[in-house]
Amino acid sequence: MTGLTAGDFEVLQDGRTQDIVHCSYVPAHSGQGSESVSQQERLRPEQVRRTIALVADDLSLSFTSTGWVREVLRRFVDEQMQPGDLVAILRTSGAMGALQQFTSDKRQLHAAISQLQWKMRRGFPVEFPKELPEEFTPDGISEETETTPQSFGTIGALNYIVRGLKDVPGRKLIILFSDGLSLGGRDTLARELRQRFSDMAGRASAVVYTIYAAGVQAPPSDPYMYDPLRTPMLSDSSPAMRNLAAVSEQTGGRHFAYNDLPSEVSTILNQEAGYYFIGYRPDESTFRNPNRFHTLEVRVRRAGLTVRSRRGFYGVAEENLPAVPDDPKRQLANVLISPFVSNTIPVRMEPLVAYSPKIGQYVSCTLYLDARPLSFSQDAEGWMNGAIEVLLATFGVNGERVDVRAHTFHVRTRGKTYRHVLENGLTYIITLPVKKPGPYQVRAAVRDVKSRKVGSAFEFVQIPSASRNRNANHKRLPPG
């Protein structure tokens with residue numbers, strides 16, 4: 001419904017009505033992002049219409065559900081993904097590389113989907129990102145509480161993904177496919193975890209939708225038939241189902257628990273055609289206790305309409321959150337993992353897959369740098385001096401970092417050579433060993449030490465399987 005005004009809404013914080021100071025409708029398919037973008041063209045921030053994270057909770061999915069989710073993900077990429085969509089295919093057991101996965105390249109997305117496999121959950125080790133707050137890890141949970149480690153891994157992975165989405169443009173959607181979310185035997189613990197995640201999602205302007213992947217299941221025709229790889233149907237009142245629904249509803253999303261996964265994804269995308277941005281000014285008492293969770297309720301005054309919104313936030317202002325250190329290493333690392341190309345320093349990269357008897361298969365990357373934006377200082381003898389930091393890394397299809405190389409190149413030139421460098425740029429060749437065949441993303445980030453200007457480039461390459469005599473031809477995929 002479009003055309004509503006502030007007078008059509010009522011906002012309540014902790015049960016008290018607030019004065020609305022801003023109300024506007026934001027369509028998801030308008031503005032500069034409406035221009036056509038081809039499949040292999042890299043999106044600029046202003047071209048992004050929607051940022052969509054499709055998350056397969058392989059820490060909970062059954063064997064059967066995994067196959068269904070894999071098929072619906074393929075259908076989304078082939079039929080439902082639109083120009084201007086920045087998409088990631090993520091797994092809760094491998095969300096460490098979340099930021100490396102956002103792309104508009106369908107080849108990379110299909111490669112990620114092909115890696116989604118069913119995992120035996122019994123005894124499955126859960127690795128938690130080191131950046132996660134303590135309240136999202138088992139270390140902060142009482143031993144008296146019965147918990148499901150896989151579900152804490154799911155919340156931790158979602159938390160990491162939301163943090164990665166905070167600086168990404170566009171309407172941000174997270175669609176979680178799961179067979180249930182068990183957060184322990186105590187309702188207070190489950191509520192605390194959900195509220196922490198809801199607060200982070202709200203600060204990132206991300207909306208979460210959850211889909212119960214197992215769906216409605218018919219009983220087996222033969223009572224003696226039992227499929228141990230199939231997750232049993234959960235009732236709507238079960239804690240695992242309530243937690244799954246609450247994670248979405250507290251961020252303004254919806255929970256689905258039916259059989260038609262492609263239809264449910266279509267419903268989500270249709271409902272996200274636009275949204276209302278409503279603002280009010282909380283009083284100072286709201287931020288006196290940073291550990292208090294303030295409830296939010298939005299009502300619509302027109303008959304026949306329903307509204308969904310985030311359910312609350314913690315009483316800490318954005319400016320009072322811990323500041324991230326602004327150091328050169330972090331700047332270069334952020335450029336490396338960003339889903340967008342930085343072109344303050346124009347960079348081109350040509351990766352070539354090759355083989356050496358000493359190191360095996362490797363990627364030889366040729367970097368072309370435009371030298372005109374670089375800052376040079378002239379010494380007493382007329383030499384022009386500059387320094388460039390280069391960070392080069394390979395990432396697997398699931399976002400895990402395979403290898404990284406850091407170099408600092410010092411440039412010292414003058415006269416005709418200096419003019420040649422300005423006119424033709426600089427060229428560097430860096431090699432990265434790759435031990436296993438498969439799809440990889442090669443990323444490069446450069447930084448001018450003096451001016452702190454940055455640039456980046458990335459390519460998607462396929463490392464072929466080769467026999468021991470290495471007679472197979474090594475070819476890379478076309479740039480895209």
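**Sheets and a loop residue in a predicted model**

Reply: An open sheet of five strands, with parallel pairing, has the order β5-β4-β6-β7-β8, where strands are DSSP runs of E of at least two residues, helices are runs of H or I of at least four, both numbered from the N terminus, and two strands pair if DSSP finds at least two bridges between them. This is a predicted model, in which local features need pLDDT of at least 70 and side-chain atom pairs count only at pLDDT 80 or more, while totals for chains, interfaces and linings use all residues. Residues are numbered from 1 along each chain as its sequence is written, and side-chain values use heavy atoms, with hydrogens and water left out.

Me: What about the open sheet of three strands, what's its order?

Reply: Its order is β12-β13-β17, with antiparallel pairing, and its edge strands, β12 (347-356) and β17 (426-433), each pair on one side only. Between β12 and β13 (residues 360-369) there are 10 bridges in the antiparallel sense, and Arg348 stands opposite Tyr368 in β13.

Me: New topic: is Thr286 buried or exposed?

Reply: Thr286 counts as buried because its relative accessibility is 2%, where buried means under 20% relative accessible area, exposed over 50% and partly exposed in between, using a 1.4 Å probe and protein chains only.

Me: And where is Thr286 found?

Reply: Thr286 is in the loop between β9 (274-280) and β10 (293-300). Leaving aside residues up to four places away in sequence, Thr286 touches Gln13, His294, Phe313 and Gly315, with contact meaning heavy atoms within 4.5 Å.
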